[in-house]
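Please keep the model in view as you read.

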Amino acid sequence: FWGSYKDTEGKAWSDCPPDDDPRIHPDPEKRRKAPAGKQDWPMHVVQLKGEAIQIACGYCMNAAIVIQKKEEGDTNPKQVLMTWGLGEKGELARPVFGPLKKTEDEINALPEDAPSTAKYHVDKLLSDYLTPKPATFADGLISRTVEKVVCGGYHMFVIARDDSDGNGAMRIYSSGLNNYGQLGLGDSGVGTDRKALTKIPSLANVEISMAAAGEHHSLCLDSSGTKLYAFGRSDNGQCGHVTPVPAAGEFESTPISVYLDYANPNPEQAKKNPVITKISCGGPTSFALTQQGSLYTWGYAFSGACGIGKPDETDCVPLPMKVNPVSGVNKLRAKENKSKLKCVGIHSVTGGGQHSVMLATLQEK
């Protein structure tokens, strides 16, 4: 771990270093007293026990799928989801103490020379938040094998196998902030955040293989790779399901289908997706990569994060558009009298806050 978590008032906190870590910041002014402040270099999260096989980060929290053995030589270890960090919106998917800041009366009673951290329940911060603990499921069932975890801004998704149902089908569960219906549970707003992993009702019988999460929207893909769903905030085209762009504040609280070939004149073909091998969300953007190596994008394009330039006066891409990764490069090469490049395959894509990255193979024509 390195960096910091910001609480709802913007105060920075971070994990505590191991007792045997002798490193200190060379500048005395920047030395911190953990857990306050930021961590300037990577350090070992010693509290996380077991072998971590997958990790994910939200804006203020972490999640790790860990293989836990009951004892040495255990031939049937469990894959457990552990969470930690400053998840104040339920994204840790487990009970935590709150609020972390003390009451006004408690703060007013502090001595004048008390450190700023005295205004907070630091003991609870350390024990409840910054110590990795198992995430919980809303139905209380513990016989699940967690296969995948994805974190958005302040929400989290888990794809898990129910070991008790006999067929081991993979289902999707969500927790955390739900102000725009980004959990896909059919509701939104005040009082609908989830503090335990909750199965998405409309996908309860759908085998889900993949999920992605942005700041306030989400995607998931079924096991065939052809059924793509979106939900959450849609007022910048993040859900990729309708044109013109929905009005400010619009959202979808229940998963809706997204079709990459929506413009196909054949209505039946327009509702058949090619096989999708990867999905990703940036803060306000969405991406789908097909088996044939084609990349589709939609969402908020103001900063160029969709990779297609400025689409129109709305700065939004409301429906999926295919990305041409060499269009800009070839314009520059033409000015330099160089031969054009062609893309022979896009292999991966990841969306960031206001930018995106893809991995592609290019060659000269």
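Helices (H or I, at least four residues) and strands (E, at least two) are DSSP runs, numbered from the N terminus. Two strands pair if DSSP finds at least two bridges between them. This is a predicted model: local features need pLDDT of at least 70, side-chain atom pairs count only at pLDDT 80 or more, and totals for chains, interfaces and linings use all residues. Residues are numbered from 1 along each chain as its sequence is written, and side-chain values use heavy atoms, with hydrogens and water left out.

Start with strand S3 (residues 51-57) and strand S4 (residues 61-68). They pair in the antiparallel sense over 6 bridges. Ala56 stands opposite Ala63 in S4. A hairpin of 3 residues links S3 to S4. Both strands belong to an open sheet of 4 strands, with the order S3-S4-S5-S6 and antiparallel pairing. S3 and strand S6 (133-134) are the edge strands, and each pairs on one side only. S6 is joined to S5 by 2 bridges, again in the antiparallel sense. There, Thr83 stands opposite Lys133 in S6.

Thr103 is partly exposed, because its relative accessible area is 46%. Thr103 and Tyr120 are 17 residues apart in sequence, and their C-alpha atoms are 9.1 Å apart in space.

On a 1 Å grid over the protein atoms alone, a cavity is a set of points where a 1.4 Å probe fits but cannot get out; a pocket is an open set with protein on both sides within 12 Å along at least five of seven lines; lining residues have an atom within 4 Å of a point. Grid points are joined across faces, edges and corners, and a volume is the space filled by probe spheres set on the points. The structure holds 1 cavity of 30 Å³ or more. The largest cavity has a volume of about 40 Å³. Its lining consists of Asp7, Trp13, Leu100, Tyr120, His121, Val122 and Leu125.

The largest pocket has a volume of about 400 Å³. It is lined by 25 residues, and the closest to its centre are Val150, Cys151, Ala213, Ser280 and Cys281. At least two lining residues come from each of S3, strand S7 (144-151), strand S11 (208-213), S15 and strand S19 (341-351).

S15 also takes part in another sheet. This open sheet has 4 strands in the order S15-S16-S17-S18, with antiparallel pairing. Its edge strands are strand S15 (276-281) and strand S18 (316-322), each of which pairs on one side only. S15 and strand S16 (residues 285-290) run antiparallel and are joined by 5 bridges. In this pair, Ile276 stands opposite Thr290 in S16.

Finally, look at His217 in strand S12 (residues 217-222). His217 counts as buried because its relative accessibility is 0%. The side chain of His217 makes a polar contact of 2.9 Å with the side chain of Ser286. A polar contact is a pair of N or O atoms within 3.5 Å; within protein, one must be able to donate a hydrogen and the other to accept it, and residues adjacent in sequence count only if both atoms are side-chain atoms. The His217 side chain also reaches the backbone oxygen of Thr285, at 3.1 Å.

Definitions and conventions
Buried < 20%, exposed > 50% of the residue type's maximum accessible area, 1.4 Å probe, protein only.
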